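These are short notes to read alongside the structure. Please go through them in order.

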Amino acid sequence: MSRPTVSAAEYPIVPGFHPDPTVCRVGEDYYLAHSSFEYFPGAPVFRSRDLVSWTRVGNILDRRGQFLRGDGRPSGGIYGSTLRHHDGRFFFVTTNVGDAESGQTIVSAEDPAGVWSDPVFVPEAVGIDPDLAWDEDGTCYLTWTGAVAGQNGVWQGRLDMKTGTFVAPPYLVWQGTGLAHPEAPHLYRIGGHWYLLLAEGGTERGHAVTIARADRPEGPYEACPDNPVLTHRSTPHPVQNTGHADLVETVDGGWAAVYLGVRPGGFTPSFHVLGRETFLAGVDWVDGWPVLDEARYEFTPDDTAFADDFTAPALGLRWVSPSSEPAKTASVRAEGGLDLREPGDGSPGLLCTRVTDLRWEAEAVFSGSGRFEVRIDDRHRYGLVFADGTVRAEARIGGVRADLGSAAVESGTVEGGTVLRIAAVECEAETMTAYGPDDIVLSVNGTELARLDGRYLSTEVATGFTGRMLGVGAAGSGSSVLHRFRYAPS
């Protein structure tokens, strides 16, 4: 059956936990990168020829020297970033909040698929959401949200890219329209003006995009009379929390913008579970200001289903680990499959992949032992643990843990292993006030062990900046072998 065409105003171009999008174009190719928080490798990067169909080509931060673990806390790690191409090379600047003393982190590469350079740090620029821009004579401007000498705001400085030092003291630039949390600055030279794009209002329901322009990078800036140029606050739109945008000139000389949003569901206050996703809008320039056309792009979404038997010599790019490294958790077996182990570094010891659909099912086939869970973070997760011939369903919500049911299994009786299955399905709520975004069903070898309220695996409950992930890991004292993994929208 063919997949339907959707509007980019209502469906993400990159679904699932892919927040803080940043985009650039080189020739006919577009490149898109995202923040990734505690998950390593960090900063996934994608390529496209049409802005709507994206292929993941790498992870920008794939060495610990580029992305120090720090305290490894949930929603720590890699925050908002900027991806740009200048003088024949790609540059990526980001914040690792687990390594705050290093300030901002800059890496570069000839090819976004890697290898990316060792980092240049900017310790004078303490804060988040950095941006890089260059003027005609090659002067580099770093703009970020943070504090200098105890004064908070959106700051800018002329940067020596080789040393990570400023050639003159940084200065404050435009602070937005007065909404909460002006952040995520992006600076552009377009026509005869410099434009400064901000996110304001916080990354929740009040999120918005605002813009101002000036004759020089340092200002003074004139605010757009029609600010905010993008927001869905106080509207019934199915996509909410819209903001943190980045502009790109298209191949045909037009313009487009990527931005983040969420797809909440369930009864009030409604709950979003996939994290912040990446959406696309067209851009027209009217009287020197951008006007976003959210309905311009229609497309057929890429198929999100996949299966992995781990016969390739290395893990695929989708596999990441929270607060650790995939190599510490899993190794590919010569005959296919993965040997899983506890990394011993205090992390959750999981190999994870993003959930990309509102309704889905996934299976992990183990022998020996193993665990399979859907999670927002360490304290908000539902899962199955297979050890000593028994599979038990468990849940953790904050400080509460519960065992929910169990079944005896004989490993090896189902296609060479025990099939652990998790699915997100429609709710079976008894009353409207119990209505959540979905139910999570946990089962083994076709036997349902638990059905759980999906609200508790949402950002509105768990807080933070990430979305649902599926994780596999070791369990018990014996071997944990993952033979196959399958994910599909339902």
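1. Of the 490 residues in the protein chain, 58% count as buried, meaning under 20% relative accessible area with a 1.4 Å probe and protein chains only. This is a predicted model, in which local features need pLDDT of at least 70 and side-chain atom pairs count only at pLDDT 80 or more, while totals for chains, interfaces and linings use all residues. Residues are numbered from 1 along each chain as its sequence is written, and side-chain values use heavy atoms, without hydrogens and water.

2. The protein chain holds two helices and 40 strands. These are DSSP runs numbered from the N terminus: helices are H or I with at least four residues, strands are E with at least two.

3. A box of roughly 70 × 50 × 45 Å, taken along the principal axes, is filled by the C-alpha atoms of the protein chain.

4. The largest nonpolar core has 42 residues. Such a core is a set of buried Ala, Val, Leu, Ile, Met, Phe, Trp, Tyr and Cys residues joined through side-chain atoms within 4.5 Å. Among those with the most contacts inside this core are Trp360, Phe372, Leu470 and Phe485. Strand β31 (residues 360–367) gives the largest share of this core, four residues.

5. Which residues does Leu470 contact, leaving aside its neighbours within four places in sequence? They include Leu351, Trp360, Phe372, Phe485 and Tyr487, where contact means heavy atoms within 4.5 Å.

6. Another core, of 20 residues, lies apart from the largest one. Val209, Val239, Trp255 and Trp289 are among its residues.

How values were computed
Buried < 20%, exposed > 50% of the residue type's maximum accessible area, 1.4 Å probe, protein only.
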